[in-house]
Structures are given as C-alpha cells and as structure tokens.
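Hi,

Here is the structure I promised to pass on.

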Amino acid sequence: MDIIAAYSSYLHCSQHGEIDTSLTIVTALVDRFDIHESISLERDIRLTGMVSWVGTSSMEVTIFMDQEQVTNEADSSEAQSDSESKWKRLAEATFVMVGRTPLTNKAAPVNFLQLRTQNEIDMYQQGERRKSARRQMAKEALTRRPPNEEERKVIHEMFLKTIDPSDSSIQTDQRIPDGSAWMEETRISSVRLCHPQHRNIHNKIFGGYLMRQAFELAFTAASVFTNCRPNFIAMDDIFFRCPVEIGDIVEFRAQIVYTKDAFMQIAVHTERWKQDGGKRETTNLFQFTFSSPGCVPKQVLPKTYSEAMRYVNGMRCYNRAMERFSKYPPNGVLPNGSTSSISASTAKL
C-alpha cells in the first residue's frame, strides 16, 4: 500500500505525464488502515489508490483493497476482465504524503486537485474533516492536556480494583484482581539491524518494512497474551517522526495498553540508534487493534501514572477504530459501494 501511495502521489505531481524528478515525496503518516473482512489467500486482490485531498505541500492518498468474488467453480475456471469480475471491498487506508525539495529537504508545493464528480467532492471533504480531526487530536494529546473527567474516572476505578477496599488508608500493596494482568507484564520487544535491501529510492529504510516489523510484533504480543490466533481490525495514526538510515539499529517494543471485551489495543514504540554511539530517537508509535475470537483476553491494568496515560491513549485509539468500524455494513462494503477514483492520480496493482 505504501508503494501505491507513493506512486499515486508522483503520478499526481507529474508534468505532462512525466514524473517530476525535482520533487521528493515521502510518507508523513498513515492516518488509518481498517480491515472490513478477512482476506482469502486463494483469490486475487486489487489495490486502487488515488490522491483524494491536497494541501500546499501535502497530499492524502486513499487506498482501497478489493478481492475478487467467485460464485461457483465455473466462474473460477473462466478468465474474467476487471470490469466483468465481482470485487468486494475488504480494507481501506489513508496515507498522507508530503513533497520535499531534494537538496534542502524543505516543503515543496504540489499540484492542485481538480474535482469532477460528486464522489470526488465527497472524498475531498472527508479529507478536510480528517485534517481538522488530526489538529484537534494534537491539541488534546496527553502531552499537552490532562485526561478529561470521564477518563480520570476510568483511571480511578481501575485503581480501586487493585487495592483492598477494607483498607481506608490506601497503604497496602497493589494486588492484581482475578481475570486481570499488569500492563508491564505484556511487553515484548525485538531488535533489527537495518540492511540495504530494505532501503527506498531515497536510501532510507522503507517505511513499509518498519510497519511490517511492528505489525508482526504486535500480532505476536496479542497471540501470547490470549493464547489464540488474533484477528487484525485496524491500525491508527502512524507518524514518521524521523528517517531510519541504513546501518541503524531499531528496537520495537510492543505492549497491550487497553482491552475491552474481546478486543485489544497494542502500542508499538519504535526507536533507532546509530552504531557510532548516537542518541536514541523515537521514529514511530504504532497503534494496532486486534480481536480474539473464541477467547476473552484478560483486562490489562496500569500500575503507574505513565502506564495509565498509555491506557487512556489506547482507549482513545480503540474508540476511534470502533467508531469507523460501526459505519461499515455487515457485507464489508462502504455505504456508497463505490470504487470511483480521481482519474489524474489513480494507480492500480
């Protein structure tokens, strides 16, 4: 998907059909990645990407993942064109790409977007709303504002579960209730040395490689926590804070930060450091939502205020994922059922 997003962006910024080599396009963030239904390994998959919103130097690329639907064996044995095949929407993602000047790495202007159909206008307006939502989220970040009243109440209720209710002095050691687990006990980590085969065209480590490593670690953490195979539901905002160079050492730390019913929110914190003794820097913070069919996970409880803030942040990410998930009908197709694209910046795989 990251490749499709980059190609769509370069296609949008092309001049008379030729790629503008004076412009560098990088992935700024993955706004969301939602899975509507499970993906079959035995049927073709189609990825469609288009630039759906543009700013001064940034572009939002919407990507759809569709899978061919086979109704009977006769249909599966006959070759069908894209127009004749029946495709079902399985997932969608939104990438934010930014243009940079190669020599100075400063913001570079990108082409305007011409809207021709009502569907394109609707997608553009959705991009505007997502931009406003990201700004609001930044204002309400826990590094800037304390939790709201409802969130503080949740933290206090969890604290009361870990103490002896008969001890009014609150001096006894914390205890773990039945069916619960301390958040600190759910952490697992892995370390990777970045090799040249994972570089992109800018000689940096490909962002898709980092996302894959983070996802696999989150999947492993969910599997260990529940003792069953989890289902991936959604991925929340992923900001690429700094590039990862070839030769850097990258550490991935996954932790279950929130649970509700059969769902888990897993945060993966990624840091890099150079072999020459350079300082550690945060490159990404990934948020993944998983479900555990057939087994209800334990409730994770924080011990410290820092862990409580991770719990609140995970709860926010989970609620956003569920809000988006509730808008999908049971068959997994978006309400308008459309795969219409903006023709000037559409890429298919």
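Let's start with Glu37 and Lys88, which form a salt bridge with their closest N and O atoms 3.2 Å apart (that is, a side-chain nitrogen of Lys or Arg within 4 Å of a carboxyl oxygen of Asp or Glu). This pair links distant parts of the chain, 51 residues apart: Glu37 is in the loop between S1 and strand S2 (45–54), and Lys88 is in strand S4 (residues 86–100). Strands here are DSSP runs (E, at least two residues) and helices likewise (H or I, at least four), numbered from the N terminus. Glu37 is partly exposed at 22% relative accessibility, and Lys88 also comes out at 22% (buried is under 20% relative accessible area, exposed over 50%, partly exposed in between, with a 1.4 Å probe and protein chains only).

Before you read on: this is a predicted model, where local features need pLDDT of at least 70 and side-chain atom pairs count only at pLDDT 80 or more, while totals for chains, interfaces and linings use all residues. Residues are numbered from 1 along each chain as its sequence is written, and side-chain values use heavy atoms, leaving out hydrogens and water.

Another salt bridge joins Asp31 and Arg134 (2.7 Å, N to O). Asp31 belongs to strand S1 (residues 24–35) and Arg134 to helix H3 (residues 118–139), 103 residues apart. Both of these residues are buried.

The whole structure has 23 salt bridges, and a network of them links Arg32, Asp34, Glu92, Asp236, Arg320 and Arg324.

As for disulfides (cysteine sulfur pairs within 2.5 Å), there are zero. Cys13 is buried at 4%, and Cys317 is buried at 3%.

Cheers
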